[in-house]
Amino acid sequence: MNAPTTRRLTVAQALVEFLAHQYTERDGRRHRLISACWGIFGHGNVAGIGQALLESGDALPYLQGRNEQAMVHAAVGYARQCDRLSAQAVTTSIGPGATNLVTGAALATVNRLPVLLLPGDVFATRSADPVLQQLEVPSAGDVSVNDALRPVSRYFDRVTRPEALIPAALQAVRVLADPVETGAVTLALPQDVQAEAYDWPEEFFADRVWRVARPAPDAGALAEAVHAIRGARRPLLIAGGGVHHSEAEEALRAFADATGIPVASTQAGKGSLRHDHPADVGGIGHTGTATADALAREADLVIGVGTRYTDFTTASSTLFAAPGVRFVNLNIAPFDAHKLGAASLVADARAGLEALTGALSGHRVAAAYEAGYRAAKEEWERRVDAAYGAADDSVRPSQTQVLGALDGIVDGTDVIINAAGSLPGDLHKLWRARSRRQYHLEYGYSCMGYEIPAAIGVRLAAPDRPVWALVGDGTYLMNPTEIVTAVQEGVNITVVIVQNHGYASIGGLSEATGGERFGTAYRFRAGDGTYTGAPLPVDLAANAASLGMDVLRAATVGELRAALVKARGANRPTCVYVETETADTVPGAPDAQAWWDVPVAETATRPAAVAAREAYDRHAAGRRRHL
């Protein structure tokens, strides 16, 4: 009897070889599960994973980053653009290199997007103890800083022996490829174990395909959902990110065409229908449109498809206000399908929508209901036009006019990326999504600094699509360093810096909650804590240029349009810099159409906080539990 064939490799070499042979498959199309590995090297990975990546060549391409958190953001942007069917790995040294992963890992897990984290770790053998950057815990010798990644990872393992890599690696890729469980996956790799050799079975390196199924809904659950929809007079469908991840946009369009049920969208679900589809009523919730939120308040049935019902979507449990309102949730994750006491349809979004459309054959909402929401949609579009328009091309643009200028030059191939500040609210209300992956808002974690590295990841996944990273000055200052990566690798992205000299979003929230915009402006600070005088002499455009970007400055609406057109046609990373008009006399986005629960001080001495608490109590009285 022949002995099993083995190959002698280090743990790091074996892991890299293993990852190069992992694939996902859905609908007969195969994808590399791990397409590349981002890395910043130091002790803990330079002589392990670093050596293995060098030796592997093109088998697992290497991408150089400047900041560990940013590398995770880039990998997350890539995975989202690939509909979670392909992902990237990130390797770091021990110590601060590893702990810098935590924010990115949380973002990936909150948004259910796959990324493989490979931080170096302290010596498993304790031969060097304590090693440089090691956290010593007197009561627990097996703890390292990598344990901070446990709560933000969907799977975590520390590979302390070579033979332990086999089950750990298999479990890691299983979770990455599972649409229900996916998120950040961490394999902590002690630096001595990375370099240790072992005789690996050849089967470990064979091509392995992880099939991503499209489970159909249970017949009984489907019948219950159909009965609820047929009995509803004012149904509303909420499209979440699961519609995009499942590539269910065409199935949703067919459902809306057949039934006339209006479709609102979360931040992650926007673009599930094109903006000009008659049933698309725009964003829902705190940053939603008046059309969608009015429908939500009166809906007797809410159909959630691929949404996790965050507080922005539900207006902190105040939006769905009709007596007796019920819910039907179509979601591949049972955890989300059962929220709000819903009749749950646990299934793939595309398979579930197709089943619903077939079972609802001949059913359509009343003509008056359909005509009503279409008229409201048209009225909202007029408000968008007003926010986007400028009477004079020679004036300084407002933030919404910046969006209007961009809206005027893009087509369905462009991708718009944003995550934090005041832009997400304006975009959710106003942006006219033209294609399924045009609108890329990271709002599950709303992480400042996501946009620029994510744009790199998106462009790597879709090299033929124009990619725009929209950033405010506050977000830009959080994480501009990956501009160097874009320049080095020739990743052609456009960064639009919207300069308003402060944290506009938090400033508005501070004012609304009685905080009087304390600590939210980038201006000279007086002794009493107030901000006075001119803005700080900070030139972010010069900073972007110093990092290697071509920079186009725009002072007026006309100059902005010209700069955006030029940037879109550029063949290298380009920045458009514009200072916005913030005066109250300039039209902006419509006010919030629904509440958001941010608790206000119950006792205070300043009148603004007292008044804010009174308003808070009025809104909070409308909260309800849907059971």
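I started with what α5 packs against. Its buried residues pack against α3 (68-81), β7 (115-121) and β9 (184-190). I noted that the model is a predicted one.

Next I asked: which residues of helix α5 are buried? The helix covers residues 102-110, and the buried ones are Gly104, Ala105, Ala106, Leu107, Ala108 and Thr109. I then looked just past the end of α5. Arg112 sits there with a positive phi of about 55 degrees.

I wrote down the background rule here. Most residues other than glycine have a negative phi, and most peptide bonds are trans.

Then I turned to a peptide bond. Is the bond from Asp129 to Pro130 cis or trans? It is cis, and its omega is near 0 degrees. I found Pro130 in the loop between β7 and β8 (155-158).

I looked up Glu247 next. Glu247 is not a glycine, yet its phi is positive, at about 55 degrees. Its loop lies between α9 (241-245) and α10 (249-259). Is Glu247 buried or exposed? Its relative accessible area is 17%. Buried means under 20%, so Glu247 counts as buried.

My last entry is Glu516. This residue also is not a glycine, and its phi is positive, about 55 degrees. I found Glu516 in the loop between α21 (504-512) and β22 (523-525). Its relative accessibility is 38%.

Definitions and conventions:
Residues numbered from 1 in each chain as written. Predicted model: local features only at pLDDT ≥ 70, side-chain atom pairs only at ≥ 80, totals over all residues. Heavy atoms only, no water. Buried < 20%, exposed > 50% of the residue type's maximum accessible area, 1.4 Å probe, protein only. Helix = DSSP H or I, 4+ residues; strand = E, 2+ residues; numbered from the N terminus. Contact = heavy atoms within 4.5 Å.
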